[in-house]
Amino acid sequence: ISALLRAKDITHRNAGIFNVEQGPIVDLLTDSFWAVGDTRQATREQRFLFGTAERTYGPDDPNLVPALHKWARHNVKIGRFSDARKNYHRALDILEATYGPNDLRLIDTLYRMASNLRPGGAGADPANQYYPREGAIALQRVIEIYQSQEFVDNEDVLTAQTRLGDWYMLTDRRRQALDT
């Protein structure tokens, strides 16, 4: 941790405090804090990294989307599902405003949303129960985007439909799963 903090300090001196080049160092530092059980410091580092990206790219730049994904995934890891959901929706809004509502670049964010905001079953985290349909809506949207394309690989459509069917099975909607 001390070596990584020193490396981060060096990048601050050479490239400024808010530079995106320090991303790999901050990621390693975050992993180190997780390893020693310091969730607060790990969150602080990831918040700093996200703030740096937001400051570098601006609030509506598509280059911010990977940072939103990373910050959302971190929020899921620490149990802040509401914040993760907001970040995924913000990423979708940025991509839709830039590329349009049926662009294939939306699919990655929708898949991330579905995989990180999972439905609950026995033993599921009660904090995540607030968004039981979020994944199904995201996966339905993936299917709609694929179907709106002029040239689409049927394998991609079938993969999206399979994921939606699996989602329905996880939420005990067997009939819809079989229909899908």
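Modeller: A residue is called buried under 20% relative accessible area, exposed over 50% and partly exposed in between, using a 1.4 Å probe and protein chains only. This is a predicted model, in which local features need pLDDT of at least 70 and side-chain atom pairs count only at pLDDT 80 or more, while totals for chains, interfaces and linings use all residues. Residues are numbered from 1 along each chain as its sequence is written, and side-chain values use heavy atoms, with hydrogens and water left out.

Colleague: Why is W71 called buried?

Modeller: W71 has a relative accessible area of 9%. The limit for buried is under 20%, so W71 is buried.

Colleague: What makes F50 and W71 a stacked pair?

Modeller: Rings of Phe, Tyr and Trp (its six-membered ring) pair if their centres lie within 6.5 Å; planes under 30 degrees apart count as stacked, over 60 as edge-to-face and the rest as tilted. The centres of F50 and W71 are 6.2 Å apart and their planes are at 10°, so the pair is stacked. F50 lies in helix 3 and W71 in helix 4, so the pair ties together parts 21 residues apart in sequence. Helices here are DSSP runs (H or I, at least four residues), numbered from the N terminus.

Colleague: And why is the pair of F18 and F48 called tilted?

Modeller: Their centres are 6.0 Å apart, with 35° between the planes. That angle belongs to neither the stacked nor the edge-to-face range, so the pair is tilted.

Colleague: How do you know whether F18 is buried or partly exposed?

Modeller: F18 has 39% relative accessibility, so this residue counts as partly exposed.

Colleague: What makes K77 sit over the ring of W34?

Modeller: A charge sits over a ring if NZ of Lys or CZ of Arg is within 6 Å of the ring centre and within 35 degrees of the ring normal. K77 lies over the face of W34 at 4.4 Å from the ring centre, and R105 lies over the face of Y99 at 3.6 Å.

Colleague: Why is helix 6 described as mostly covered?

Modeller: Eight of the eleven residues of helix 6 (106-116) are buried, among them L106, I107 and L110. Leaving aside neighbours within four places in sequence, L110 is in contact (heavy atoms within 4.5 Å) with L92, A138, R141, V142 and I145.

Colleague: Which residues touch the most other members of the largest nonpolar core?

Modeller: Such a core is a set of buried Ala, Val, Leu, Ile, Met, Phe, Trp, Tyr and Cys residues joined through side-chain atoms within 4.5 Å. Of its 35 residues, L64, L110, Y111, V142 and Y146 touch the most other members.

Notes. Helix = DSSP H or I, 4+ residues; strand = E, 2+ residues; numbered from the N terminus.
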